[in-house]
Amino acid sequence: MNEVPDIVFFLGRFHPLVVHLPIGLILFAFLLEILSKWQNLKELKVAIPYALLFGAITAATACVLGYMLSLSGEYDGPMLDGHFWFGIATTLLTLMAWLISADKIKFIKLKTFKANIASLTLLVVLVSVTGHYGGNLTHGSDYLTKYAPFGEKPKETIKPKTVEEVVVFDHIVYPILEDKCISCHNPSKKKGGLSLDTEENILKGGREGITITPGDLSKSDLIHRVTLNPHNKDFMPPEGKNPLTEEEIQLLSFWIENNKADFKIKLVDSEKKDEILKTALAYLELGTENVTEKIPKLKPVDSLLIGTLKSKGFAIRELVYNANIFDVVLPSKTAKSPEEAKALLQELAKIKDHIYWLSLENNAITDQELTTIATFTNLRQLHLNKNAISNAGIEKLKAISTLNSLNLYGTKVDQNCFASLLEFKNLEKVYLWQTAITSEHVKEFTAINKKPLLISGVVK
Amino acid sequence: MCDNHEHKKLRSNNRDLQEIEKQIDRRHFLKKTSLGLGALAFSSLLGTEKLWANINAESSPEEILNAYNKNRLGLPHHLPKAKRIIYLFQSGGPSQMDLFDYKPKLTDMFGKELPESVIGGQKLTGMSGAQSTLPIAPSTFKFQQYGESRAWVSDAMPYLSEVVDELCFIKGMQTDQINHTPAITFMQTGNQLPGRPSIGSWLSYGLGSDNENLPTFITLVSKNGKGQPLKASLWGNGFLPTEHQGVQFRSGKDPVLYLSDPENYDGHDRRHMLDYLSHLNDLQTDSYGDPEIQARMAQYEMAFKMQTSVPEVTDISDEPEHIFDMYGKDSRDPGTYAANCLMARKLLEKGVKFVQLYHQGWDQHTYCPGGVKNQSKKTDQATAALIKDLKQRGMLEDTLVVWGGEFGRTIYSQGQLTETNYGRDHHPKAFTMWMAGAGVKPGFSYGETDDFSYNVVKDPVHVHDFHATLLHLFGVDHEKLTFKHQGRRYRLTDVHGNVVKDLLT
């Protein structure tokens, strides 16, 4: 194959360009034929032979160039054969259709048979079939149907749910190859004679050498190619396609070097798995500590309402953009009397489900107002410090099952509120500095109860 | 009195000034003609002028409120853990092996040459690079384990050792810079050259203010600091709009000068004066389009608000005795590190998002044991007190505390080594920082250095990673907070940085 001169490959690459000329001309001829059926357009018929003649010439050219392209060996398999024979058939039939339309051949015996329209219809079918094969060769066989509304979706690899399930090749290596390499290195396209779709083909390698050598990165062309300078002509994937990320290269390298390219090995059984575990888990999106709290999408809040609340003194900040959950702060001493506090809270209650963090520090809140706050059932953090609230008020708040942190420093609570604190479902931390609760009380509580954590002051 | 000016374009009656007003520079010309006309055409095509016009007199209340209520950059990207931060910058490069990075094996190696294999061909500074010998100088400080987390702390920091269970040590910090100015600039802005926005400016730009009466980003510097100079570019806004630069409070009794009214003026018509001034400035913005004019207007407004808000927040006279006792006796002396820590807490309480504190003097090229002891004495008690104080107020929950310098120091002695004395040179390849509070693991230590505290052997954290993590805690994806300047988009971490998830709760 090496004796094929480069000029052949060079010309062969014009095939995808030239091939569109006969397609256009044949369809054009077909269109003319149809249109000429109308009385006032029948002059168009004269043009048909010319369209078909040029169609035949360009089709023949395309065939020759196509053959040259196929010599590169980058295409293979039944798909290529199909394209090859259908292409030739199309060319021959175009020639024939020209002869018919130019009256060089006459089917005298079949007077009723409309030779012209029949040959042209057949041609359109042939062109479509050839084109389809050609398209599959260039773009892969699922290119056409991938986003089609009908038909079967390609089955998705089932993602492993736990680290124990992870098979290095199936869950990590193959998805990377599939994502970045297989569109050009598959049984029907085989760029460089290489296909990466199966274990067998991967080990077989391509024309240019050994794709992977188990345990030896320096002898694995795959790694060599993806780690070259991106401007190098041998760099893979070629320009214009997405290169492999640093992590993907690490993962492939680990599999070749440490797993000795074992196709069955599990991640947990790998030697030196600690080196790669973090990257692998991140790639698989299996992070365990990284499960961030799911944020429910809440309905938007009327912005006039927010504006009104702000004008009354509340500082309101969205915690996540467009999630409509808020951090609300009523700056210290905004409410100077329980009545004012009550009015403000009634206003605030209009967005109560949207508030995650709420600070009401030093705002003349009393136990009475806590009845309103107890209906704010999405609260995570609540600052009630420096308000004259007592145990009775805390009792009410346990309705807020989401509450995580409760700040009660400088309030009138005492150790008798411990019983209600235990009834909160998710309470983790309670701040009790400058209350009647002493460090002895806290010690006693902590000795028996794990949660919540009580934080009294360091200084009295 | 001057309201009749409203619809007239303001023109000067001086001939020279008129000439200047006629001029319009190339950039503005291109902007006005190309963008202006294009935008005009486009918007009339779609009939959507209102959607993307700035708020103006014709905007409906709904539009104004939406522009006001929603973060214009689409932040935060995810649920934040931190709401505010205090960054205790220890300028000069604190010696990690004399404070936190305990290296017991070195006691037997006193005076021995630091192996070449450890240095690994690293380029040393001109200060010790020419030394004929690089003798190992084990720390003279005594180390002990503290707290439930059993963290090692030297006896230089007795107060801090009481709060180790709140701290998250990063022992494998790494930077690219070996000299003060580039290193500190790198630490504060993500680039060694001055001119990029500082961390605080990015946060102010991205997240906005929590208290409109105070600056979002305030800088405090310990007074009488000796050593490498600090400069305003460290808390500068770089190419971000100027109102996001850190506002430096003076270290002294009067943190912001000229806030009080001058003699014989009661300030009753200042609001009126400012309104008219901003009207004049509006006219200028209309004709020149210079964003600096808007920044200046914002700053006038801020100064006006600070006339009442600053005296209130900087007045520490209402702090009880026991609080002063906790921060140490220096805390009564305005401008000291301790007093700044106390003021920082008050600022944070009032909703300032970023307090950047600087303490100079950690550059122990000579007399390292004495120097470290000295600086620890000035900072240890107040640092620990700040942690305790934030904790008891429930503020540690959503306040991030950061402690650290611009790099570490060498294990070998710069200058002569004796039993009790040594110097240490700059060392960028390994140093210790710690964080505490919002969203970071308490009582945790991350990363390890080799036996010489010279190379990081496990879990390195680069300055870019640190920045990425810091932004992450504020709900910001460091790759998405960008600003386009001179034709490309910049970020705090530029093209680097990974969030260190292991540090997060």
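Tutor: H4(A) passes H5(A) in a left-handed crossing. The model is predicted. Helix H5 of chain A covers residues 77–101, and its axis lies 8 Å from that of H4(A), at an angle of about 160°. Angles over 145 degrees count as roughly antiparallel, and H4(A) and H5(A) are therefore roughly antiparallel to each other.

On the H4(A) side, the residues that meet H5(A) include Ile48(A), Pro49(A), Leu52(A), Leu53(A), Gly55(A) and Ala56(A). Further along H4(A), Ala59(A), Ala60(A), Cys63(A), Gly66(A) and Ser70(A) also take part in this contact. Their partners in H5(A) include Leu80(A), Gly87(A), Ile88(A), Thr90(A), Thr91(A) and Thr94(A), together with Leu95(A), Ala97(A), Trp98(A) and Ser101(A). By class, the contact of H4(A) with H5(A) has 13 nonpolar and eight polar residues, and no charged ones.

H4(A), which runs over residues 47–70, also packs with helix H3 of chain A, residues 20–35. Here too the angle is about 160° and the axes are 8 Å apart. H3(A) and H4(A) are therefore roughly antiparallel to each other, and H3(A) passes H4(A) in a left-handed crossing. From H3(A), the contact draws on Leu21(A), Pro22(A), Leu25(A), Ile26(A), Phe28(A), Ala29(A), Leu32(A) and Glu33(A). From H4(A), it draws on Ala47(A), Ile48(A), Ala51(A), Leu52(A), Phe54(A), Gly55(A), Thr58(A), Ala59(A) and Ala62(A). The residues of this contact divide into 14 nonpolar, two polar and one charged.

An α-helix has 3.6 residues a turn, so residues three or four places apart point the same way.

As for the chain around these helices, chain A has 17 helices and seven strands. Its radius of gyration is 37 Å, whereas a compact globule of 460 residues would have one near 23 Å. Along the principal axes, the C-alpha trace of chain A spans about 115 × 70 × 35 Å. Of the 460 residues of chain A, 34% count as buried. Among the contacts in chain A with a separation of 6 or more, 62% are between residues 24 or more positions apart.

Note on methods
Residues are numbered from 1 along each chain as its sequence is written. Chains are lettered from A and ligands numbered from 1 in the order in which they are written. This is a predicted model: local features need pLDDT of at least 70, side-chain atom pairs count only at pLDDT 80 or more; totals for chains, interfaces and linings use all residues. Axes are lines fitted to C-alpha atoms, for helices over the stretch in contact, and angles run from 0 to 180 degrees between N-to-C directions. Helices (H or I, at least four residues) and strands (E, at least two) are DSSP runs, numbered from the N terminus. Angles under 35 degrees count as roughly parallel, over 145 as roughly antiparallel, 65 to 115 as roughly perpendicular and the rest as oblique. A crossing is left-handed if the near helix is turned anticlockwise from the far one by less than a right angle, and right-handed if clockwise. Two residues are in contact if their C-beta atoms, placed from the backbone, lie within 7 Å. Ala, Val, Leu, Ile, Met, Phe, Trp, Tyr, Cys and Pro count as nonpolar, Asp, Glu, Lys and Arg as charged, and the others, Gly among them, as polar. The radius of gyration is taken over C-alpha atoms; the globule rule is 2.2 Å times the number of residues to the power 0.38. A residue is buried if 20 or more other C-beta atoms lie within 10 Å of its own, exposed if 12 or fewer, and partly exposed in between; C-beta atoms are placed from the backbone.
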